[in-house]
Amino acid sequence: MGSDCLFCRIVAGEIPATVVRETDTTLAFRDIDPKAPVHVLVIPKEHYADIATLAQGDPALTADVLATSAAVAEDEGLLGDGFRLMFNTGAYGGQEVFHAHAHLLGGAPLGPMLARDLT
């Protein structure tokens with residue numbers, strides 16, 4: 001991916017991030033605008049535009065993202081009370097950075113899945 005991808009630049013070390021876990025294939029770091037007491041982004045180091053592209057293109061790497069998410073949830077003490085793992089995909093899904101990433105949220109009750117009723 002070109003140098004215009006924010007998360008690729010974080011993986012390359014060009015932009016600092018508060019890393020909480022790193023594997024050979026994934027990187028997990030704190031969101032700079034947290035929406036919960038714990039808000040960690042878990043990304044594949046390899047660039048994929050979104051979770052659908054990642055899942056179709058590399059199922060093993062998709063599994064690595066999920067395994068890293070679970071490990072971070074455990075490290076952050078979220079397994080007992082629970083957490084939310086969310087992938088935003090595309091404009092309607094609210095995706096802002098077009099590099100596949102999971103939002104790991106927890107540390108307090110998170111409320112309803114959506115902020116408003118869309119029906």
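**Figure 1. Order of the secondary structure elements along the chain.** Read from the N terminus, the elements of this predicted model follow the order α-β-β-β-α-α-β-α-β. In total, the chain has four helices and five strands. According to the UniProt record, an unreviewed entry, the annotation "domain: HIT" covers residues 6-115. Within residues 6-115, 31% is helix and 23% is strand, and the end C-alpha atoms of the span lie 27 Å apart.

**Figure 2. Overall dimensions and surface of the chain.** Along the principal axes, the C-alpha atoms fill a box of roughly 35 × 35 × 25 Å. The radius of gyration of the chain is 14 Å, which agrees with the value near 14 Å that a compact globule of 119 residues would have. Contacts between residues 24 or more positions apart make up 50% of the contacts in the chain with a separation of 6 or more. Of the 119 residues, 34% count as buried. The accessible surface of the chain is about 7000 Å², and carbon and sulfur atoms contribute 55% of that surface.

Figure 3. Leu-27 is located in strand S2. Its relative accessible area is 4%, which is under the 20% cut-off, so Leu-27 is buried. The C-alpha atom of Leu-27 is separated by 8.1 Å from that of Thr-68, a residue 41 places away along the chain.

Figure 4. Is Lys-35 buried or exposed? With a relative accessibility of 59%, Lys-35 counts as exposed. Gly-106 is 71 residues from Lys-35 in sequence, and the C-alpha atoms of the two are 9.1 Å apart in space.

Figure 5. Ala-102 belongs to strand S5, which covers residues 102-106. Its relative accessibility is 0%, so Ala-102 counts as buried. Not counting residues up to four places away in sequence, Ala-102 touches Val-40, Leu-41 and Val-42, among others. The residues touched by Ala-102 also include Val-65, Ser-69, Leu-85, Met-86 and Phe-87. Met-86 is 16 residues from Ala-102 along the chain, with 5.5 Å between their C-alpha atoms.

Figure 6. Asn-88 sits in the loop that joins strand S4 (83-86) and helix H4 (90-93). Asn-88 counts as buried because its relative accessibility is 17%, under the 20% cut-off. Which residues does Asn-88 contact, leaving aside its neighbours within four places in sequence? They are Gly-93, Gly-94, Gln-95 and His-103.

Figure 7. Tyr-92 is found in helix H4. Tyr-92 is exposed, since its relative accessible area of 89% is over 50%. The C-alpha atoms of Tyr-92 and Asp-75 are separated by 32 Å, although the two residues are 17 places apart along the chain.

Definitions and conventions. Residues numbered from 1 in each chain as written. Predicted model: local features only at pLDDT ≥ 70, side-chain atom pairs only at ≥ 80, totals over all residues. Heavy atoms only, no water. Helix = DSSP H or I, 4+ residues; strand = E, 2+ residues; numbered from the N terminus. Rg over C-alpha atoms; globule rule 2.2 N^0.38 Å. Buried < 20%, exposed > 50% of the residue type's maximum accessible area, 1.4 Å probe, protein only. Contact = heavy atoms within 4.5 Å. Areas by Shrake-Rupley, 256 points an atom, 1.4 Å probe, with all protein chains shown as cover. UniProt positions renumbered as here; feature names shortened; annotations may be inferred.
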